[in-house]
Amino acid sequence: MKRIAVLASGEGTNLEAILEAVERGEISGRVVLVISDREKAPALERARRRGVRALFLDPRAFPGREAYDEALAAELQEAQVDLVVLAGFMRLLSPVMVRAFPMRIMNIHPSLLPSFPGTEGVRDALEYGVKVTGCTVHFVDEGLDTGPIILQEAVPVIQGDTVETLHARIHAAEYRLYPRAIELFCQNKLRVEGRRCYIDAE
Ligand code: GRF
């Protein structure tokens, strides 16, 4: 049984979808720890409500990004985590974290990468005028939203969409996609060669 940690800075609706999928038996792993860089993140409360250990790790308590990531990696190692899942974690990870968990950190991004990386993926796609956007689950490497792609789902842009309406439909796709990607990892079905992530058949 894989041990999973989720890192989240905000609402934590993806976290909730993951916890529900675990409870339904759709993920053959266990979420053992949730960590946030924001004390008031609703994600922490969602975790506690479901009996999952929730930890606030305060960035202001550390001199810089690397020191923070060392503390983060230490907590995750202490909890013997196999997979780190970023779910709206709004900090770029330093090489310290990425090297501590090579191809064992996943992120979900609200666009079809490599289009529209960064913090405004939904807004940037809408403003560019694309007709199709979506979401991407990928492994985290040392770049910004650049790691090997695990799964993607397309979401059409509808005339009259605002950032909010479009993000709501992308969120709905995320709640399906992220648990599937996590389950593939739990079943040891993901194999990365260079930039490409292969999914092994049953
Ligand atoms: C999601 O849209 C995800 O793609 C992005 O941040 C958002 C997090 O939402 N990385 P939530 O906190 O899971 O509700």
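**Exercise 1. How many residue pairs are in polar contact across the interface of domain 1 and domain 2?**

The model is predicted: local features need pLDDT of at least 70, side-chain atom pairs count only at pLDDT 80 or more, and totals for chains, interfaces and linings use all residues. Residues are numbered from 1 along each chain as its sequence is written, and side-chain values use heavy atoms, with hydrogens and water left out.

Step 1. An automatic or database domain assignment gives domain 1 (1-101) and domain 2 (107-202).

Step 2. Apply the rule. A polar contact is a pair of N or O atoms within 3.5 Å; within protein, one must be able to donate a hydrogen and the other to accept it, and residues adjacent in sequence count only if both atoms are side-chain atoms.

Step 3. Six residue pairs qualify, both residues at pLDDT 80 or more.

Step 4. β1 (2-7), α1 (13-23), β4 (83-86) and α4 (95-100) each supply at least two residues that touch domain 2. Helices (H or I, at least four residues) and strands (E, at least two) are DSSP runs, numbered from the N terminus. α1 gives the most, with five residues.

**Exercise 2. Describe the extent of the interface and find its salt bridge.**

Step 1. Count contacts (heavy atoms within 4.5 Å). 22 residues of domain 1 meet 19 residues of domain 2.

Step 2. Take the buried area, meaning the accessible area (1.4 Å probe) that two parts lose on being put together, summed over both. The value is about 1700 Å², with 66% from carbon and sulfur atoms. Lys-2, Asn-14 and Leu-86 supply 29% of the area that domain 1 buries against domain 2, more than any other three residues.

Step 3. Search for salt bridges (a side-chain nitrogen of Lys or Arg within 4 Å of a carboxyl oxygen of Asp or Glu). The rule finds one across the interface. Arg-99 and Glu-142 form a salt bridge through their side chains, at 2.9 Å, N to O.
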